[in-house]
Amino acid sequence: MKLVETVAALEVELDAARAAGKTIVLVPTMGALHEGHLSLIEEANQVADAFVVMSIFVNPTQFGKGEDFERYPRTLATDIEVLSKLAQAPAVLFTPAVEEVYPAGLDAPLKPRAGALGSVFEGIARPGHFEGMLNVVSWFFEVTKPEVAVFGAKDAQQLFLIKRMIHREFNDSIAIIEARTVREEDYLAKSSRNRFLSPEARAYAPNLFASMIQVQEEIIEGELPTVALAKARTILDRPPLAKLDYLALVDKSTFSPISDEFSGEAQLLVAVVVDGVRLIDNITFYIQEPA
Ligand code: AMP
C-alpha cells in the first residue's frame, strides 16, 4: 500500500495503474476505520483488475458549527496498521491536506448541489452538511477519476445525493457499489462515533435496528405505515437519554416521504441523539400492493 498525500503523487500512481489496464476503484472515508470500512475494501476488490484507492480525509466543510469536527476521531497510524495487515490492502491510501482540497480556503463558497434534499432529515439537524460532503466527494472524483466508487448503505441520504450528482455532473461515468451495512452482534450499525457512546447510550443503541425491523414486519403484515411509525416513535423517543430526531419512510428511488398507499421499494430512515451522540441507520424493504 502506497501512502500518498498530494494530488501530484496520486496522479503518478493512477497513470501507472491505467497504463497497466487497471480499473480505478475509489473508497472515500473519514478514517477511524472499523469493519464497515473494511467491507468497502472487500467490495472494491471484487471489481475485475481493481486498483483500489482509499482516501482518508476529515472534511471540515461537512461539519456545522458546534458539531464534532474537532472531536472526530483521527487515528491515522492505527488505520495504516489495520490496512497493511489486510490480505488485500488498498493499492493507495490517499490522505490529502486541507490546503490541497481547499486551495481557496474554507470560507470560499461551495457549489450548491443538495437542493431541497439538503434541508430534510439529516439536513435539518446538520445544515450545510450535504453541501460540504458533495463538494469533497466531487473533488475526490475529479482528482481520482474512478470508474467505480464504493459507499456504504448506512448513509442513505448521502448515497442518494452522490448517485444524483454522478448522474447530473459526471455523466453517469462512475459506477457505484452500495455496500451493505456492517453491524455489531446486537445489530448496532458500526460507526466511528460509537466509541463516544456512554454505557447507557450503548445499551439503548440496538433499539434503532430493532424498531426498524418491527416497523418493517408490521407493514408487511398489513399495518398502515403511519400507524407502525407512530408506535415505533413512542418507543424510540426516551428523553432525557434518547431524543428521536426522525423515523421516516421514503421511496428509495426519489427519497420522498411515502403515503400509506405506496407500494414499491421503501427505505426506513432513523436518527436519534443518544446522550449527545447522533446515531443514524436505515433499512430497505419492499411494500406490496394491498391484495
Ligand atoms: P465515514 O468514514 O463514516 O465517512 O464513512 C465512509 C464510508 O464508509 C461511507 O461510504 C459510509 O457509508 C461507509 N460506512 C460507514 N459505516 C459503515 C458500516 N457500518 N457498514 C458499511 N459501510 C459503512
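Biologist: In this predicted model, which residues of the largest nonpolar core touch the most other members?

Modeller: L10, V53, F94, V137, F141, I162 and F255 do, out of 44 residues in that core. Helix 6, residues 129-144, gives the most to this core, with 9 residues. At least three residues come from each of domain 1 (2-179) and domain 2 (192-281).

Biologist: What makes I162 a contact partner of other residues?

Modeller: Contact requires heavy atoms within 4.5 Å. I162 touches M133, L134, V137, F141, F151 and I176, leaving out residues up to four places away in sequence.

Biologist: Why are strand 7 and strand 8 called paired?

Modeller: Pairing needs at least two bridges. Strand 7 and strand 8 (residues 264-274) have 9 bridges in the antiparallel sense, so they count as paired.

Biologist: What makes strand 7 and strand 9 edge strands?

Modeller: The open sheet has 3 strands in the order 7-8-9, with antiparallel pairing. Strand 7 (242-251) and strand 9 (277-287) each pair on one side only. Neighbouring strands are turned by 15 degrees against each other on average, direction ignored.

Biologist: Which helix packs on the sheet?

Modeller: Helix 9, residues 207-220, touches strand 7, strand 8 and strand 9. The direction of helix 9 makes about 20 degrees with that of strand 9.

How values were computed
Residues numbered from 1 in each chain as written. Predicted model: local features only at pLDDT ≥ 70, side-chain atom pairs only at ≥ 80, totals over all residues. Heavy atoms only, no water. Core = buried A, V, L, I, M, F, W, Y, C linked by side-chain atoms within 4.5 Å. Buried < 20%, exposed > 50% of the residue type's maximum accessible area, 1.4 Å probe, protein only. Helix = DSSP H or I, 4+ residues; strand = E, 2+ residues; numbered from the N terminus. Domains from an automatic or database assignment. Axes fitted to C-alpha atoms, helices over the stretch in contact; angles between N-to-C directions.
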